[in-house]
Amino acid sequence: MRVICCNDYEEMSRKAAAVIVGQLTVNCGSVLGLATGSTPIGLYQELIDAYNRRAVDFSECVTFNLDEYREIEPSDRNSYHSFMENNFFGRINVRPGNTHMPDGLAPADEACARYEEAIERARGIDIQVLGIGNNGHIGFNEPAADFPVKTHVVELAEETRKANARFFSSLDAVPKSAITMGIGTIMKSRLIILLANGAGKAEILRRALCGPVTPEVPASILRFHNNVLAVVDREASSLL
Ligand code: GLP
């Protein structure tokens, strides 16, 4: 794993964006795996700025998001569909038919199988962007007894629901389950960019990058991938 320590959030976002712009310059039909959460917002803003400067074109690219809450309408302001529309898709020239998000409303088995098939049909993910949850989750792969391989439905950890409650009217309003790419799905990506910023992520980043590889810290599995770029700010890297 290559770790790139940046001075601050802006530099982290700029560097990650440069890698994605480079990928799309070489292959405009690249397949991007995208994440939600507050961490990648700066990256999306950098990509929007690059698009506005005509430095990048998204018209041929294909995207797959990591996860979506279950039983929440795509139009709900807290859905990850809305998050992506507001923070990225609605502000670039990606074709709506080329963006994919797990279906949180369809029957679970069908939604999971369909998502895996769609990723395979697209010939896999060229660059997968990841944030890291406070408990080490990637996508919504929560600490567990093993590493889930494929897209699946997951009960959200209480810690995750509490962390995400800041976006909802109350803790009760946070969905209890979600559909997420599996660890195996993520690990098949050709390049993974792991983003982390802020002092709050320092301890979990240390456990993921320097502790034992264990499903109790799902992000630790990334050390078995041969092409991971961890782009982190100074605060998040302070315990490495
Ligand atoms: C959510 C998402 C993850 C994300 C994590 C961290 O739970 N499912 O993909 O990495 O939150 O969020 P943040 O970037 O806001 O710290």
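User: How are the axes of helices defined, and what kind of model is this?

Analyst: Axes are lines fitted to C-alpha atoms, for helices over the stretch in contact. The model is predicted.

User: Which hand does the crossing of α1 and α2 have, and which residues make the contact?

Analyst: The crossing of α1 and α2 is right-handed. On the α1 side, the contact is made by Y9, S13, R14, A16, A17, I20 and V21. On the α2 side, I41, G42, L43, E46, L47 and A50 take part.

User: What classes of residue make up the contact of α1 with α2?

Analyst: That contact has nine nonpolar, two polar and two charged residues. Arg and Glu count as charged, and R14 of α1 and E46 of α2 belong to the contact. Gly counts as polar, and G42 of α2 is one of the contact residues.

User: What makes β4 and β7 edge strands?

Analyst: β4, β8 and β7 form an open sheet in the order β4-β8-β7, with antiparallel pairing. β4 (67-69) and β7 (152-155) each pair on one side only. The twist averages 25° from one strand to the next.

User: How do you know that β4 and β8 pair?

Analyst: Two strands pair if at least two bridges are found between them. β4 and β8 (residues 177-180) have three bridges, in the antiparallel sense. D67 stands opposite T180 in β8.

User: In which order do the strands of the parallel sheet run, and which strands are its edges?

Analyst: Seven strands form this open sheet, in the order β1-β10-β9-β6-β2-β3-β5. Its edge strands are β1 (2-6) and β5 (99-100). Inside that order, β2 (residues 31-34) and β6 (residues 127-130) run parallel and are joined by two bridges. The bridge partner of L32 in β6 is I127.

User: Why does V129 count as buried?

Analyst: V129 lies in strand β6. Buried means under 20% relative accessible area; V129 has 1% relative accessibility, so V129 counts as buried.

User: Which residues does V129 touch?

Analyst: Leaving out residues up to four places away in sequence, V129 touches I20, G33, L34, A35, L43, L66, I193 and L195. I20 and L43 are also among the residues of the contact between α1 and α2.

Methods: Residues are numbered from 1 along each chain as its sequence is written. This is a predicted model: local features need pLDDT of at least 70, side-chain atom pairs count only at pLDDT 80 or more; totals for chains, interfaces and linings use all residues. Side-chain values use heavy atoms; hydrogens and water are left out. A crossing is left-handed if the near helix is turned anticlockwise from the far one by less than a right angle, and right-handed if clockwise. Helices (H or I, at least four residues) and strands (E, at least two) are DSSP runs, numbered from the N terminus. Contact means heavy atoms within 4.5 Å. Axes are lines fitted to C-alpha atoms, for helices over the stretch in contact, and angles run from 0 to 180 degrees between N-to-C directions. Buried means under 20% relative accessible area, exposed over 50%, partly exposed in between (1.4 Å probe, protein chains only).
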